[in-house]
Structure formats: C-alpha cells, structure tokens
Amino acid sequence: MRLTRYLAATALAFGLTATAAAAHPLDGLSAEEYQKINQILRNEKVADDTTLYPLIELKEPAKADVLAWKEGDSLDRKATVYLTSKEGFSEAVVNITKGAVESNEKTKGQPMVLFTEFMGALEGVLGNSDMVAGLAKRGLKPEQAFCLPLTAGNFFTDEYTNSRLMKVPCYQVPDGSNFYAKPIEGLFALYDIGKKEVLRVVDTGVLDVPKDGWGYTEEEVAKRTPLRAETNSVKLVQEGGPNYKIDGSHLEWDIWRFNFRVDKRPGLVLSNLDVNDDGTWRSVIYQAHLSEVFVPYMDPSEGWYWRTYMDSGEYGFGLFLTPLRAGIDCPAHATFLPATIADDKGQPLVIPDAICVFERSIGDPAWRHFEVFAQTPEKPIPAEGRPATELVVRTASEVGNYDYLIDYRLQQNGQVNIYVGATGLDAVKGVASTSMKDATAKADTAHGTLIAPNLVAANHDHYFNFRIDFDVDQPINHFSTMDIVPAKLDASSPRKSMWTVEHKMPMTEMEARYKLSSSQPRYFHISDPSREGYLGHEPGYMIHHGDVSYGPFDFENDPPMKRNAYIEYSVWNTVYDPEQRYAGGKFAMQSDGSDTLAEWVKKDQSLMGKDIVTWFSAGFHHIPRMEDWPVMSTEWKTVHIMPHNFFAHNPALTIRNPK
C-alpha cells in the first residue's frame, strides 16, 4: 500500500549515524548509548529479540549535581526505558556507565504508541471483513483506501479497561499530494493495538466520497488556478559565516549560551540558558521544553467526539520530527543538525536536518531615537539606532495532518520568545453539502465550516503547554505577579482614574494558578531573593504575555478535559520535582487524569524558599475557514519572556553599528 511503503521508506531513509560521546550531563543519548542500553537489557535477561521500546530517554542526574558539574567531571549516564513484557509494559532504569539495570517494574500506565503498533492497526483494519464490506458499499476496494490509526482517548467505560485502543477512519488513496481530501465518512474501526485485533467496525451510513483531490504541489495548483507572476527572490543571507559557535550540544551566541537535545516525547529540550551581563554569566532558565499538546475537536458525532489528541504524550514530538528544508523551513545559510532517538527495537534512529539554527536581521531596529531638538539647517542629525538580530533554534513535527514548528528565539535585549507555528492540513469530514445554500448545509456545519464542496472542517482547539524551570541566578526563586489595578486618588485630584502596580506573591501552589485577560492585566515575575539588583531591585525575568484561549469546558465530568485539566489556567507553578515533566502525566495513552499538573498542585505545597517550576499554556481556538484549504497558512503563537530589573540598562545598548 502506498502510505505503508512511504512510512517504511521514510524510517529507513533516516539511516544511522554515529554521534560523539556525551560532553555534558544533559546531552541527549547518543547512538552508541542506545546500542549499549539495548545490550545491557539483553545481558540481564530483561529484554530479548521480541522486546519493543515505546520510549527511551535520558534520566537526568540530580539537578544539584548538574549545577555543580564542571567540564572533565564524571556523572553516571542513565536512561529511563519503557519496554514491552509478558505482563504488558515495564519501566526500567539503566545505568549506562556501570552497565547495569538498576530497576525494572511494571508500569502503572500506558506509554506512547509504537510505530509498529501504528502500522499494525493501519494494515489490520484493511484486512478485516467488516471493513472490506463497508468499503464495498461505497464502491471501494481495500487497495483504494488507507486507514489512519488515531488515539481514542479514554471515556472511562468498560472498553477502555485492559485495552489499548485506537479508532481508525479511512480515506481514499489520493492520486496526488493530499492524503486527507477524500475522507470515507461514516466508517471507522475500533482496534486494540495491544491485542492486535479489530474489536468492531462502525458504519453509520454511506455518504459519497468527495471527488476533488485538492493537491497542493505547485504543479497541482497550476492546473487549478494561475500562479502568481514570477518575482525577484527575497532571501535571508549572511556574509562571513555565523556569529554563533556550536560545540556538540553547546551553543553560544551574542549574550547567550545554552545546551540542547532532542527527546522522543517533547522534541527539542533547552537547558542551562545563561546570559552574559557585562562579562558575568548569569543563569536564567535551567530547562525549557514542550510539556504536552492537546487538540480536542468540537464535533459530538460518533465518528468525531473521541478526537481529543494528546499529540506529545500519545505520539511524540521527537518521534515525528521531520527533516527541515533549506530555503523553505529555514534560511539557506542555517546550520542543520540531526536528531538521534530510539526506534521500536531500541536501536538508534537518526533524523537528518531535524534542527536548524540561524541568526537573522528581522528588519527592525533594536532601538532608535530621532532628536528633533538636535537638528539645525546646517547639520541634520540622523536617528541614532541599532539593527536587531535574533537567534532561532527550530524544529518541525508532523503529527497526523498538522505540522508544528517549535522555535526558541533569543534576542539581543535579553528577551526569550517561544514560538509555535501551526500549519499543515485541516482534518476534514465528508458531507453532502457543496454550498451553504444546500438544504443539508445547516446540519452539516453545526460544528464546523464548509471549506470546500463536500468537506467540513470541524471546530477545534490547540493547547501547547511548556514546562519552564526558571533559575534566575540560582534555583531558589520567588514567583509573584504585577497586577495593574486602579490607583487610589485624592478626591481633590483633577485626575479621576489612573492605574498602579500591585505586587502579589502567592504562598502555595494552589494560589499560583492564573488566567490571562486583557481586562485584568497581569505580568508574572520570577526573581532571585538573595541578590540585590543594581538599584536595589530584586532581579528577575517575567512572562510578559502569550497567546492563550479558554473554553467553556467541564473539567470534572468531561473525560478529555479531566485528562487535560491543566488548560483551565494558563499559568501554574509547582515545587521542582524531576518526575513531573509532562503536564498531562507520565503516561498519556488512555490516562484517567489522576496524574496531571492539575492534580499535583492539590498537595498545595509552599512556594516559599523553593525551587519553582512555571508551566505556561499557549493556545488558540481554530474556527476553520475556506482560506485554510487545501493547506493552512502558518499561524504563530507565542510565550514572551523578558528581563525585569535584571540588567543595569538596556542590554541592546552595546550593539555595534553595522559596518
């Protein structure tokens, strides 16, 4: 089958490349280390030729040990390994340095979907007689369809007990580029990827498959509509090579330095982000990474209500990293780097060009001022200013129909911006309507938008939760808010309304949950209480703003929302716990909501004198539109982090004038 061949060929094309031995305790696992992990597990009879590995990731050393580490020091390298066993799944800790398995216990939840399971569901459904019969009703043969295994969530019914379920709708195999343009609506299978069997096929009635293939390659588009006139190419270029230096996983640029790696579940992980303050390196963030991605659809029909994906925890942003394309995804002058993860067999899998690093002039001034009072007829004085340059570290993950770009953009003024770019294809359902004038249109578009003849894109949301472990100068930080509130004015004041800043410090985790609203402006401040700033301030960084969204959800009774209740608030704060890495819990697949950020904070630990981790959910509601089809424009959402009384002056003051 065409899709099967494509996925298999893609996996093989990633190849295998040896990587250098780890130079930093937070470096990603190397190809040699993955091979050694596999051998250690076999030597100790924990694994054999039939064992599969949903996840192998670095087990980080204790934070205190990492902070005390100096080049040349030795810390044991360890890995957390989820693997299949006769009893289901087990979790092992492998000490790579000592060549030993330190622990191996049955898991309390289900790890992410294996590629093997995904392919088994895809092929197994098309071999089922009920599915073959359903396709025949629609005039299709199995070879004319490809089926897309999708996680089924957990709706707390009996069928989710002792099972590992995916629901599998199908599409007509395309003649061109668009695999999603011809959904076979009203037909899907419930498949248990653990038992490797179809439990049932649901057929709610025959609906004609859309006829238009809606390809999006340049050749396909040109056949549909005239292309724009040729124009002069606009490119980013850099003369003389990059101004950054990459040494293994360590990168230095301008006033910044940090380490980076790729893990199978969160994708890109940044660690030890430091900034140079007038010759002194100061810590800002110990670690930042994507924690979870939640995409719930708003169509209650039988074929759609369960589409409530946890893209990072169920599928893996690192697993689905795609090679970046020079001149399209990143400027041609970017540095392209591979990412090494483990495949289902625990062997190293290298994804080429998975990360790009580049600097660019954004075409804006970092700062400027034109002084009108300095001007004379004899000597006009031009504006004083400096050009702004930024460093971008980028990855792109394709999870199903969506492509997600994750950027960490560092600024010369000490700011950090996390950008999420959503593009790719809308998920569409087949309908009878070809126009909003049709009698069926009202019912067909009750929960979405008619974006093309016979195609409705359902309303849905995107939530991206980031775990940001600020260590402003040191691990023990204060967290506080700066609230814009009405100022108290004397009755005799000519001004009757002003605002002032009210500083508030939450004492406990439950107090430190926040929603963002333009009608209640508030900034979030993380600071070092032990260091006196340049003018006596408590130096810090703040989350200035971000793109957020809230829905009218029932977080107690609606199963998908209970499993992802962290989206109820955009900002959370917890006491540092190395086991709490993902807001949706350690095991997202068919989770029940008992191990999530929203549950952890119920311990209501004191935040005073503690190492605090801040969690931020960027998100947006997606009401589809015709302009989304057949491929969506990239929509960027942000988390904006900036210094607050951290530096003595504007850090961008020292930028040189261009040559």
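Three residues link β12 to β13 in a hairpin; strands here are DSSP runs of type E with at least two residues, and helices are runs of H or I with at least four residues, each numbered from the N terminus. This is a predicted model, in which local features need pLDDT of at least 70 and side-chain atom pairs count only at pLDDT 80 or more, whereas totals for chains, interfaces and linings use all residues. Residues are numbered from 1 along each chain as its sequence is written, and side-chain values use heavy atoms, with hydrogens and water left out.

Strand β12 (residues 256–263) pairs with β13 in the antiparallel sense over seven bridges; two strands count as paired if DSSP finds at least two bridges between them. Within this pairing, R261 has V269 of β13 as its bridge partner. On β13 (residues 267–277), 10 of the 11 residues are buried, where buried means under 20% relative accessible area, exposed means over 50%, and partly exposed lies in between (1.4 Å probe, protein chains only).

β13 also pairs with strand β14 (residues 280–296), again in the antiparallel sense, over eight bridges. D277 is the bridge partner of T280 in β14. The hairpin formed by β13 and β14 has two residues between the strands, and D278 in the turn has a positive phi of about 55 degrees.

V416 stands opposite I641 in β31.

**A nonpolar surface patch**

F370, V372 and F373 make a nonpolar surface patch of about 370 Å². Patches consist of residues with over 30% relative accessible area and no salt bridge, like charges being joined within 9 Å and nonpolar side chains (Val, Leu, Ile, Met, Phe, Trp, Tyr) within 5 Å. A salt bridge is a side-chain nitrogen of Lys or Arg within 4 Å of a carboxyl oxygen of Asp or Glu. Accessible areas come from the Shrake-Rupley method with a 1.4 Å probe; for residues, only the protein chains shown count as cover.

F373 is found in the loop between β17 (348–369) and β18 (384–399). This residue, F373, is exposed, with a relative accessible area of 77%.
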